[in-house]
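This briefing walks through one structure, helix by helix and then residue by residue. Please keep the sequence and the model in view while reading.

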Amino acid sequence: MGDAAAATAAQPPPSASPSFSYLAVFSNCPLVAAVLAFAIAQTIKVFTTWYKENRWDAKQLVGSGGMPSSHSATVTALAVAIGLQEGFSSSLFATAAIFASVVMYDAFGVRLHAGRQAEVLNQIVYELPSEHPLAETRPLRELIGHTPPQVFAGAVLGFAVATFTGMMAGLGNSG
């Protein structure tokens, strides 16, 4: 009987068990900062397209390429928010920082050059005679990468969003 009483005493009461809430995701500062940075960057692209081309292009809300880089904004916000929350000497921040570096390098390296190759290939296909089997090929997407200024602008935006989000969440205040 003593063992049963000890086992019962060791179990937490039902009201103390952890509960699941979908709203808990909104208290995850790195996630909120990353999603917010992405949304702001994509929204800015709509306005930069309007400013440069005098036309509204809602496709910019979901498209890649353009100013600022939403990829850079997202991964920078994620890394900075993790640094604020977990500490800039943590392994988690180191992982996020390396991840951010790879994504940003890819944005202005591989993806930028792939977009430039797509331009050349589209021009070649455009100049083919109409009877050529590839003449009716759908054009390749050309705006898939970023210039270094676009990547830098995205990183600055991500840093600012993460810093603001971290301040709102009270992170980084080790007083």
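Helix α2 is followed by Asn-54, whose phi is positive, near 55 degrees; helices here are DSSP runs of H or I with at least four residues, strands are runs of E with at least two, and both are numbered from the N terminus. The model is a predicted one, in which local features need pLDDT of at least 70 and side-chain atom pairs count only at pLDDT 80 or more, while totals for chains, interfaces and linings use all residues. Residues are numbered from 1 along each chain as its sequence is written, and side-chain values use heavy atoms, with hydrogens and water left out.

**The chain as a whole**

- The secondary structure comes to six helices and zero strands, and along the sequence this reads as α-α-α-α-α-α.
- Of the 175 residues in the chain, 32% are buried, where buried means under 20% relative accessible area, exposed means over 50%, and partly exposed lies in between (1.4 Å probe, protein chains only).
- Among contacts with a separation of 6 or more, 70% join residues 24 or more positions apart, a contact being heavy atoms within 4.5 Å.
- The accessible surface of the chain is about 11,700 Å², and carbon and sulfur atoms hold 67% of this surface; the areas come from the Shrake-Rupley method with a 1.4 Å probe, and for residues only the protein chains shown count as cover.

**Annotated spans**

- An unreviewed UniProt entry carries the annotation "transmembrane region" for residues 20-41, 61-82, 88-108 and 151-171; the positions are given in the numbering used here, feature names are shortened, and such annotations may be inferred rather than shown by experiment.
- Residues 88-108 are 86% helix and 0% strand, with end C-alpha atoms 26 Å apart.
- Residues 151-171 are 90% helix and 0% strand, and the C-alpha atoms at the ends of this span lie 26 Å apart.

**Helix α2**

- The end C-alpha atoms of α2 are 36 Å apart, which agrees with the 36 Å that its 25 residues should span at 1.5 Å a residue; the expected span is 1.5 Å times one less than the number of residues.
- The buried residues of α2 include Cys-29, Pro-30, Ala-33 and Ala-34, and also Gln-42, Lys-45 and Thr-49.
- The cover over the buried residues of α2 includes α3 and α6.

- Helix α3 runs over residues 70-86, and its 17 residues reach 24 Å from the first C-alpha to the last, close to the 24 Å expected.
- At the N-terminal end, Ser-69 caps α3 with a side-chain oxygen that lies 3.4 Å from the backbone nitrogen of His-71; a polar contact is a pair of N or O atoms within 3.5 Å, and within protein one atom must be able to donate a hydrogen and the other to accept it, with residues adjacent in sequence counting only if both atoms are side-chain atoms.
- Buried positions in α3 include Ser-70, Ala-73, Thr-76, Ala-77, Val-80, Ala-81 and Gly-83, and what covers the buried residues includes α2 (29-53), α4 (91-108) and α6 (148-169).
- Just after α3, Gly-87 takes a positive phi of about 105 degrees, and the backbone oxygen of Gly-87 is reached by the side chain of Ser-90 at 2.9 Å.
- Ser-90 is found in the loop between α3 and α4 and counts as buried at 17% relative accessibility.

**The aromatic pair**

- The structure holds one aromatic pair, formed edge-to-face by Phe-88 and Phe-93 at 4.9 Å centre to centre with 75 degrees between the planes; rings of Phe, Tyr and Trp (its six-membered ring) pair if their centres lie within 6.5 Å, and planes under 30 degrees apart count as stacked, over 60 as edge-to-face and the rest as tilted.
- Phe-88 counts as partly exposed at 47% relative accessibility, whereas Phe-93 counts as buried at 18%.

**Two residues of helix α6**

- Thr-165 is placed in α6 and is buried, with a relative accessible area of 10%.
- A polar atom of the Thr-165 side chain lies 2.7 Å from the backbone oxygen of Val-161.
- Not counting residues up to four places away in sequence, Thr-165 touches Cys-29, Val-32, Ala-33 and Leu-36.
- Gly-166 also lies in α6 and counts as buried at 0% relative accessibility.
- Gly-166 and Ala-81 are 85 residues apart along the chain, yet their C-alpha atoms are separated by 6.3 Å.
- Leaving aside neighbours within four places in sequence, Gly-166 is in contact with Cys-29, Leu-84 and Leu-171.
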